[in-house]
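Thanks for asking me to look this one over. Here are my notes on the aromatic rings and the nonpolar cores, point by point.

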Amino acid sequence: MSKRKAEETSIEMASGAEKISIKTNFTIGLTEPLKEYQKLIETEVQVDEIVDDEIIKNNFEGIAAAARDVIWQLLFAGSDGDGGVTSESQQKASELLEEYKGDATFYDPWEYNDWITKLRDEVLKKELLDFWRDTIVKKQLGPCWSRDCDLFDGDDTPPLEFYAHGGCTAPFAASLKVRAANKEVRASDASDADSSREPPEGEERSAERSADDEAAYTGVFDAVITREQPLSEYRDLMTRFVLTDVIVPDEIQQASVKKIAKAAQDVIWQILFEGAPSQEDQDKAADLLQEYKTDSGFYGPWEYNKWIFKLRDEVLTKELIDFWREKIVKLELGPCWSRDSDFFENDDDVPLEFYNKAGCKAPFNPPADT
């Protein structure tokens, strides 16, 4: 994503008569929108001469509005029965959106953040799921936050919820979501300890935290996940023994991840196949499965990819067809691939065949060369 600062832009100095001034009308065409947008930014915003901040602000706002208009046209014009938008128009919209967000992080992230949620809602309403997954989610084109932009600080809320649609999760959720929860827990514990009038109780809590750090460092702990609250217990294990503030040797961390993953596999199996699972049971299993897959994409997907075939086959053998269709297929809980994990390349195999069971097919279109 580009952050083309003014000092990084090389253009000729404007002469006295051509000096930058406030403009009111900016237009970007549908043929070469990215090129036209970049030209406007270079000539009306990112200039070498000394210009009043208000002029820069005004011109960027106008260019950004033109960019938003053309992205909307590229994605939604004709999508209600006029043959749909083409892959070419989606590609143009993707390139321009990425460039616009890069500049918005520097000049005006707040207007972008307000608008991108409206764009997301319309994309999902029009069922442009490939654009949603491959452009907005994969390229992290949701709201700007502290990881994108210096205008936010680390205490701001990461935009996890924005991406939690269409069977997706935030690309950074594998660690950040649990780290955020961990931070809240630690802050709460610290507050409780400070306000406690019973020092021994506070000392016990401090000792427990130290014991968790020691267990994380050594990898010696029991990974127990029960059927009652499997997702919260899984997150608690990840928080205490993987996503810690202590520096843990890589081999220990990987062993801890595998230990917790095995506990997740076991409890999912128990919930689904030991007795007749209720709808609540199936929801619990799906929630944990989705979280487990997300973490696998970050820490290493190989074990998940082998095990999920066994789970699929048992689900179909037990004729849990609703769970298969509504959870595994609809939420794309099959094997991880390049869209889920950086461990894969774009030309690696796409797991289309995995979903071709019980009258279903993969809920995504294969790449053009597949």
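How many aromatic pairs does the structure hold? The structure holds 21 of them, where rings of Phe, Tyr and Trp (its six-membered ring) pair if their centres lie within 6.5 Å; planes under 30 degrees apart are stacked, over 60 edge-to-face, and the rest tilted.

1. A word on the basis. This is a predicted model, in which local features need pLDDT of at least 70, side-chain atom pairs count only at pLDDT 80 or more, and totals for chains, interfaces and linings use all residues. Residues are numbered from 1 along each chain as its sequence is written, and side-chain values use heavy atoms, with hydrogens and water left out.

2. Take Phe162 and Tyr163 to begin with. Their ring centres are 5.0 Å apart and the planes stand at 80 degrees, so the pair is edge-to-face. Both Phe162 and Tyr163 are buried (buried is under 20% relative accessible area, exposed over 50%, partly exposed in between; 1.4 Å probe, protein chains only).

3. Trp302 and Phe344 also deserve a look: with centres 5.1 Å apart and planes at 65 degrees, this pair is edge-to-face. It links distant parts of the chain, since Trp302 belongs to helix α12 (residues 302-317) and Phe344 to the loop between α13 (321-329) and α14 (352-355), 42 residues apart. Helices here (H or I, at least four residues) are DSSP runs, numbered from the N terminus. Trp302 is partly exposed at 49% relative accessible area, whereas Phe344, at 16%, counts as buried.

4. Phe60, Tyr100, Phe106, Tyr107, Tyr112 and Trp115 make up one aromatic cluster. Tyr112 is also among the residues with the most contacts inside the largest nonpolar core, as are Tyr37, Leu75, Leu97, Leu119 and Val123.

5. That core has 46 residues (a nonpolar core is a set of buried Ala, Val, Leu, Ile, Met, Phe, Trp, Tyr and Cys residues joined through side-chain atoms within 4.5 Å). The elements giving it two or more residues are α1 (33-44), α2 (53-76), α3 (87-107), α4 (109-125), α5 (129-137) and α6 (160-163). Its largest share, twelve residues, comes from α2. Apart from this core lies another, of 45 residues, including Val257, Ala285, Trp337 and Phe354.

6. What does Leu75 touch, leaving aside its neighbours within four places in sequence? Leu75 is in contact (heavy atoms within 4.5 Å) with Val85, Gln90, Ala93, Leu119, Val123, Leu128 and Phe131. Phe131 is one of the buried residues of α5, and those buried residues pack against α2, α3, α4 and α6.
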